[in-house]
Amino acid sequence: MPLPIETQRFFLSPFLISDIGEVYLSWLRDPEVVQWLNAQFRHHDANSAREWLAQHDNKDKFCLSVLVRDTKTHIGNISANIDRRHGTAMIGVMIGDKRWWGSGVVLEIREALLNWLFDEQNIHKVWSMPFVRNAPAIFNYRRQGFTCEGILRAHRRRSNGEYLDVAIFSMLRDEWMLRRKGRK
Amino acid sequence: MIENIDKACRLVAEALGVSLGEITSKSSIETIEAWDSLGHMRVVAAVEEILQRELEPEKLVAITSVTDIASLLGSQ
């Protein structure tokens, strides 16, 4: 399955410099959107967003736009940083358009991303480290069958200086295959 | 325990805005459509409000069902 990745409601295609517009920047400046993301630590403009995007090569470091199939509207990004040596991928997601919050977007696009990482990129393990207090993220990992490997205490800071715990969630290829088989 | 299950069912129904009849001791994030990511945030907030404290991280990340919540309420 080459890019773009397709789901029932969305396309996931490489995030491009041309996607960096006022709408995207408004997400990066929205405290509610970035409260659990590194984007909270600086004020973003087009230059800083371009710098950040330049860190992604879409070979090992993927940043994909989440586009609504019907309208091609950009509503967020999903990322995967692959470590080829170990066959692992660290993933992250930001849904910037808050009208889509609570509508199962993350579950839908992450299912497709997991299929793509395991089937096409030969990845052995996918992992992430959400803040423990980020209840929607924790819900999504649990709902999708990820295993919580443990808690890293006071591991990451928020922009107010407060240190918070993060959880390590992971999915192994075999676990995902079993889960997928069970759904068919 | 039965009393805590009843309390947990009421808590989940209220937090998710569904009727109490839709929630049973076997309900979980897998079985209740209204238990979505934002609903989960409300469920966690409701549990912490009743307990009048923040949950320990290990317990916070483990909530997936009515029985999990009943156990937490039982540890009050």
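Predicted model: local features only at pLDDT ≥ 70, side-chain atom pairs only at ≥ 80, totals over all residues.
Residues are numbered from 1 along each chain as its sequence is written, and chains are lettered from A and ligands numbered from 1 in the order in which they are written.

Along the sequence they follow the pattern β-β-α-α-α-β-β-β-α-β-α-β-β-α. The C-alpha atoms of chain A fill a box of roughly 45 × 40 × 35 Å along the principal axes. The radius of gyration of chain A is 16 Å, which agrees with the value near 16 Å that a compact globule of 184 residues would have; this radius is taken over C-alpha atoms, and the globule rule is 2.2 Å times the number of residues to the power 0.38. Of the contacts in chain A between residues at least 6 apart in sequence, 58% join residues at least 24 apart, a contact being a pair of residues whose C-beta atoms, placed from the backbone, lie within 7 Å.

Of the 184 residues of chain A, 30% count as buried; a residue is buried if 20 or more other C-beta atoms, placed from the backbone, lie within 10 Å of its own, exposed if 12 or fewer, and partly exposed in between. Helix H5 (residues 135-143) of chain A is mostly covered, with seven of its nine residues buried, among them Ile138(A), Phe139(A) and Tyr141(A). The cover over these buried residues includes helix H4 (105-119), strand E6 (125-128) and strand E8 (163-172) of chain A, together with H2 of chain B. After H5(A) comes Gly145(A), with a positive phi near 90°.

Asn58(A) lies in the loop between helix H3 (46-54) and strand E3 (61-68) of chain A and counts as partly exposed, with 14 C-beta neighbours inside 10 Å. Lys72(A), in the loop between E3 and strand E4 (74-83) of chain A, is exposed, with 10 other C-beta atoms within 10 Å.

In chain B, the axes of helix H1 (residues 2-16) and H2(B) come within 9 Å and cross at roughly 135°, where axes are lines fitted to C-alpha atoms, for helices over the stretch in contact, and angles run from 0 to 180 degrees between N-to-C directions. H1(B) and H2(B) are therefore oblique to each other. Their contact involves residues including Leu11(B) and Val12(B) of H1(B) and Val43(B) and Val47(B) of H2(B). The axes of H1(B) and helix H4 (residues 66-74) of chain B come within 8 Å and cross at roughly 120°, in a contact to which Leu11(B) and Val12(B) of H1(B) again belong, with Ile69(B) and Leu73(B) among the residues from H4(B).

Between the chains, 12 residues of chain B are in contact with 16 residues of chain A. Helix H2 (37-51) and helix H3 (57-60) of chain B each give two or more residues to the side that touches chain A, and H2(B) gives the most, with five.

Definitions and conventions. Contact = placed C-beta atoms within 7 Å. Helix = DSSP H or I, 4+ residues; strand = E, 2+ residues; numbered from the N terminus. Parallel < 35°, antiparallel > 145°, perpendicular 65-115°, else oblique.
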